[in-house]
Amino acid sequence: IADEFHSTDPGTVMVIDPDGRLCPAKRSYDRRVAGIVSGAGAYQPGILLGRTAEGQGHLPIALAGKVFCKADAGYGAIDVGDLLTTSETPGYAMKAVDPQRAFGAVIGKALRPLERGQDLIPVLIALQ
């Protein structure tokens, strides 16, 4: 399931700003996390919500299901099944290693490992 909002590159992790708009995440363990810009890699949205004629220039935000996500292993290697949260790298997810901070800030589970660096990895969205 995806909804459409103005945003950035596919795979970008998005949060809700104080005005209620979506913007790329830029701090770790951000509880305002909302979804991931869909369209990167092989996964395309199956259902689009709120599509209008004025939707030109809007990108779908994945709210559930599988999507490719920008991930940064610089904060710790990511394994399959690891919970992911927002990172300080703008628009990227990282492995959630602090359970107390992760509560309410989890974007989903990694479906592929990432040992080092930054890359797009498939994620099962599970906002928690």
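T89 counts as buried, at 14% relative accessibility; buried here means under 20% relative accessible area, exposed over 50%, and partly exposed in between, with a 1.4 Å probe and protein chains only. The residue is placed in the loop between β8 and β9 (93-95), where helices (H or I, at least four residues) and strands (E, at least two) are DSSP runs numbered from the N terminus. The structure is a predicted model, in which local features need pLDDT of at least 70 and side-chain atom pairs count only at pLDDT 80 or more, whereas totals for chains, interfaces and linings use all residues. Residues are numbered from 1 along each chain as its sequence is written, and side-chain values use heavy atoms, with hydrogens and water left out.

Leaving aside residues up to four places away in sequence, T89 touches A25, D72, Y75 and Q118, a contact being heavy atoms within 4.5 Å. With Y75 there is also a polar contact, side chain to side chain, at 2.9 Å. A polar contact is a pair of N or O atoms within 3.5 Å; within protein, one must be able to donate a hydrogen and the other to accept it, and residues adjacent in sequence count only if both atoms are side-chain atoms.

The pLDDT, the predictor's confidence in each residue from 0 to 100, averages 85 over the chain, and 80% of the residues score at least 70. Residues 1-7 have a pLDDT below 50, and this stretch has 39 contacts in the model beyond near neighbours in sequence. The chain contains 1 helix and 11 strands, in the order β-β-β-β-β-β-β-β-β-α-β-β from the N terminus. Of its 128 residues, 43% count as buried. Among contacts between residues at least 6 apart in sequence, 63% join residues at least 24 apart.

Strand pairing requires that DSSP finds at least two bridges between the strands. β7 and β11 pair in the antiparallel sense over 8 bridges, with F68 opposite P122 of β11. β7 is mostly covered, 6 of its 8 residues being buried. β2 and β4 also run antiparallel and are joined by 3 bridges; V15 has V33 of β4 as its bridge partner. All 5 of the 5 residues of β4 are buried, so this strand is largely enclosed by the rest of the structure.

The largest nonpolar core has 20 residues, and those with the most contacts inside it are V13, I36, I78, L84 and I121. Such a core is a set of buried Ala, Val, Leu, Ile, Met, Phe, Trp, Tyr and Cys residues joined through side-chain atoms within 4.5 Å. Two or more residues each come from β2 (13-16), β4 (33-37), β7 (65-72), β10 (106-110) and β11 (118-125). Apart from this core lies another, of 6 residues, among them Y29, M94, A96 and A102. Beyond residues up to four places away in sequence, I36 touches G11, T12, V13, P60, I61, A62, V67, F68, C69, I107, V123 and I125.

Y29 is found in the loop between β3 (22-24) and β4 and is buried, with a relative accessible area of 9%. Its phi is near 55 degrees, a positive value in a residue other than glycine.

K70, in strand β7, counts as buried at 15% relative accessibility. The side chain of K70 makes a polar contact with that of T12 at 3.1 Å. Among the residues touched by K70, not counting those up to four places away in sequence, are D9, P10, G91, Y92, D119 and L120. D82 lies in the loop between β7 and β8 (83-86) and is likewise counted as buried, at 15% relative accessibility. A polar atom of the D82 side chain lies 2.7 Å from the backbone nitrogen of D79. The C-alpha atoms of D82 and A96 are separated by 7.4 Å, at 14 residues apart along the chain.

C23 counts as buried at 18% relative accessibility, and C69 at 0%. A search of the whole structure finds 0 disulfides, a disulfide being a pair of cysteine sulfur atoms within 2.5 Å.
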